[in-house]
Amino acid sequence: MGYCKLYNLTDKLDPAILLQLCDDEGHGDLEHEDVRVVWEEAIEAASSLIDSYCRGRYDVPFASPPRVIIDLCADIAIYELYSRRGDAIPDNRVERYKNAMRMLQAISRGDIELGVTGASQGSEVSLSSADRIFTREQMGGF
């Protein structure tokens, strides 16, 4: 399940432009099955990318993603939709994508905390071993 929905995409991009990016067969409806598959795949790709950056610090996928993750997902998905066309991507979309990637890198490094519960303790290490066979007392005469 992706981190954003169609309405998150249309909040950031004119629905007519989104339709142009997704409607390969000319159905004229964002909810048409063939069109839906395109934008859903872009959302899934963006969500998977987000998970790859957050995995070391958080339990992913997020059951209830914070707003910043939803926004990052929408920006990355829109970039993916532009990319599939092979045309020039508008500068503002390239910049939003670059900002999203910088934000994900900062989250991955721990510079930005998402404030969600269930965070992994990725930096904590726990070691255990069997009891020592030879101690100082046992080896005293050697």
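This report describes the helices, the nonpolar core, the salt bridges and some local features of one predicted model.

Residues are numbered from 1 along each chain as its sequence is written. Because the model is predicted, local features need pLDDT of at least 70 and side-chain atom pairs count only at pLDDT 80 or more, whereas totals for chains, interfaces and linings use all residues; side-chain values use heavy atoms, with hydrogens and water left out.

**Core and helices**

Helices are DSSP runs (H or I, at least four residues), as strands are (E, at least two), and both are numbered from the N terminus. A residue is called buried under 20% relative accessible area, exposed over 50%, and partly exposed in between (1.4 Å probe, protein chains only). A nonpolar core is a set of buried Ala, Val, Leu, Ile, Met, Phe, Trp, Tyr and Cys residues joined through side-chain atoms within 4.5 Å.

The largest nonpolar core holds 39 residues, and Leu9, Trp39, Ile50 and Cys54 touch the most other members. Two or more residues come from each of H1, H2, H3, H4 and H5, and H4 gives the most, with 11 residues. In soluble globular proteins, nonpolar side chains tend to be buried together. Contact here means heavy atoms within 4.5 Å. Not counting residues up to four places away in sequence, isoleucine 50 touches Tyr3, Ile69, Leu72, Cys73, Ile76 and Leu104.

Leu104 is also among the buried residues of H5, together with Arg93, Tyr97, Ala100, Met101, Ala106 and Ile107. Their cover includes helix H1 (6-12), H3 and H4. Helix H5 (residues 91-109) has 19 residues and reaches 27 Å from its first C-alpha to its last, close to the expected 27 Å; the expected span is 1.5 Å times one less than the number of residues. Glycine 110 follows H5 and has a positive phi, near 90°.

**Salt bridges**

A salt bridge is a side-chain nitrogen of Lys or Arg within 4 Å of a carboxyl oxygen of Asp or Glu. By this rule the model has 10 salt bridges.

Aspartate 24 pairs with arginine 84 across distant parts of the chain: aspartate 24 is in the loop between helix H2 (15-22) and helix H3 (33-54), arginine 84 is in helix H4 (residues 67-85), and they are 60 residues apart. Partly exposed residues include aspartate 24, at 41% relative accessibility, arginine 84, at 39%, and arginine 85, at 32%.

Elsewhere, salt bridges that share partners join Lys12, Asp75, Arg93 and Arg96 into one network.

**Local features**

Asparagine 8 lies in helix H1 and is buried, at 6% relative accessibility. A polar atom of the asparagine 8 side chain lies 2.8 Å from the backbone nitrogen of lysine 5. Leaving aside neighbours within four places in sequence, asparagine 8 is in contact with Arg67, Ile70 and Ala74.

The loop between H3 and H4 contains proline 61. The peptide bond from valine 60 to proline 61 is cis, with omega near 0°.

How values were computed:
A polar contact is a pair of N or O atoms within 3.5 Å; within protein, one must be able to donate a hydrogen and the other to accept it, and residues adjacent in sequence count only if both atoms are side-chain atoms.
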